[in-house]
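Student: Before we look at anything in detail, could you show me how to read the salt bridges and the burial of residues in a model like this?

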Amino acid sequence: MAVSQAANAVEKAIGHDQSSITAQDVSNYSEAGGGETMKALCWMGKQKVQVVDVPRPRIIEDSDVILKVTGTTVCGSDLHLLHGSVIQMQKGDILGHEFCGIVDEVGTGIKKVQKGKRYVASFQIACGHCFYCQNKLSSQCEMTNSNSTAKAMYGGQTAGMFGYSHFTGGFAGGQAEYVRVPLGDVNLLAIPDDVPDEKALYLSDVLATSYNCAHDTAVYPGDQVAVFGAGPIGQMAGVFAAQAGASKIIFVDTEPRLSFVSDRWPPAFADKLELVDFKKLSFGVTAKETVVSKLKELCGGRGPDVALECAAGEYAKGWAHWLEIMAGVETDTSEILNEMVESVRNYGRCGITGVYVGYTNHFNVGSLMQRGIRLIGNGQAPVHKYWSELLEQIQTGKLDPLQMVSHRVRVEDLDKVYYKFENHEDGMQKVFVETRFSLPACEGSPKLTRY
């Protein structure tokens with residue numbers, strides 16, 4: 001928590017750059033709320049989240065929409081907040097960047113969004129008219145995040161994001177019973193009557209992110225693809241890679257996730273699936289079998305055409321990177337990146353979708369250069385570019401988001417769910433979180449589990 005406090009102090013001293021057209025640092029509603037209260041999942045410090053009663057939001061800008069949340073979820077990237085890997089968190093920040101719901105209130109400037117209708121929100125907050133928004137690259141909107149630290153650290157800011165620290169604008173998230181959606185006409189997609197919340201919810205992030213992972217890296221017919229990380233993002237990136245014509249999908253992870261993906265894998269792609277348990281292999285400089293050598297073996301000696309990073313940079317395998325992260329001399333391990341770069345064929349492609357926060361050591365730039373490897377940062381996925389197309393796939397039955405959903409839980413239990421999700425307990429893969437406003441469960445939804 002000390003690092004977040006120091007980073008907050010630096011940002012306060014520098015000041016925001018005033019580029020945002022919407023209010024910054026409304027990460028809870030203690031000053032911007034109404035008289036009523038609601039349940040919300042709040043960050044209380046490193047390794048501590050808690051469901052508490054907080055003020056519910058109110059309209060503070062003409063373009064605001066207040067959404068009554070009917071579905072939310074927990075993302076693997078939420079764990080980076082729990083672990084303190086993402087800077088500029090403040091005690092009491094409301095978390096959650098994936099949610100859908102029913103419109104409860106609209107500001108006077110709202111033209112399209114209708115009260116009483118169902119909508120899903122994009123995890124990023126876009127203005128709709130800047131250079132990036134005009135090119136459907138909504139995650140890089142220039143007008144919704146004025147954080148100066150982000151600009152100095154990265155050379156530019158991303159869009160503002162719900163429930164994901166003051167580094168991305170300080171917006172209260174949707175792991176709550178109500179949420180304020182700035183610029184609501186831009187950042188809400190209407191949910192058709194034939195699509196239940198349990199499927200529409202995941203348009204907010206995971207589906208667009210995994211689709212972007214496969215397509216931004218580029219998967220061509222006949223490609224052999226290694227997916228590092230078999231969580232929800234990796235699982236669906238593998239599905240989208242198979243849809244794009246990949247001849248082989250190799251998941252690199254361990255149990256219970258490998259079995260979950262195998263059990264839920266689409267039958268139409270059964271002959272494409274391979275599983276590699278990294279815990280049964282060695283790593284580093286060794287004569288024993290490694291992830292790299294195993295992938296070479298599975299792909300004709302040359303290696304995969306494509307590797308997709310769907311894990312993250314905070315999870316060190318070896319003691320050296322663990323010590324360096326603990327000592328603050330790097331923020332992210334390069335171990336998975338090196339495995340990707342070294343395992344793909346010459347002139348292969350490596351896409352990074354898992355969250356990397358800052359800097360890494362010991363990266364094998366020599367292999368990258370000498371063998372012509374394409375290393376692609378997929379970026380925070382531009383949800384607006386893909387969500388209409390993905391919604392259509394859900395409507396036609398081509399895409400079933402429920403294949404990754406393992407649990408249905410209540411918002412009141414969300415703090416307990418975080419820790420179970422972190423530890424992969426009960427085979428937890430992706431959850432649907434219901435509130436008191438949720439509609440009856442759709443067919444295929446997991447039964448409710450209470451903790």
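**Reading salt bridges and burial**

Tutor: The side chains of E61 and R180 meet in a salt bridge, at 3.1 Å from N to O, where a salt bridge is a side-chain nitrogen of Lys or Arg within 4 Å of a carboxyl oxygen of Asp or Glu. This pair links distant parts of the chain, with E61 in the loop between β2 and β3 (65-72) and R180 in strand β9 (residues 178-181), 119 residues apart; helices (H or I, at least four residues) and strands (E, at least two) are DSSP runs, numbered from the N terminus. The model is predicted, so local features need pLDDT of at least 70 and side-chain atom pairs count only at pLDDT 80 or more, while totals for chains, interfaces and linings use all residues. Residues are numbered from 1 along each chain as its sequence is written, and side-chain values use heavy atoms, with hydrogens and water left out.

Student: Are E61 and R180 buried or exposed?

Tutor: Buried means under 20% relative accessible area, exposed over 50%, and partly exposed in between (1.4 Å probe, protein chains only); E61 and R180 are both buried.

Student: How many salt bridges does the rule give?

Tutor: The count comes to 19 salt bridges. One of them joins the side chains of D104 and R56 (3.3 Å, N to O), and both D104 and R56 are buried.

Student: Which residues are linked in a network of salt bridges?

Tutor: The network links E198, R408, R410, E412 and E434. Within it, the side chains of E412 and R410 meet at 3.2 Å, N to O; E412 is partly exposed because its relative accessible area is 24%, whereas R410, at 15%, is buried.
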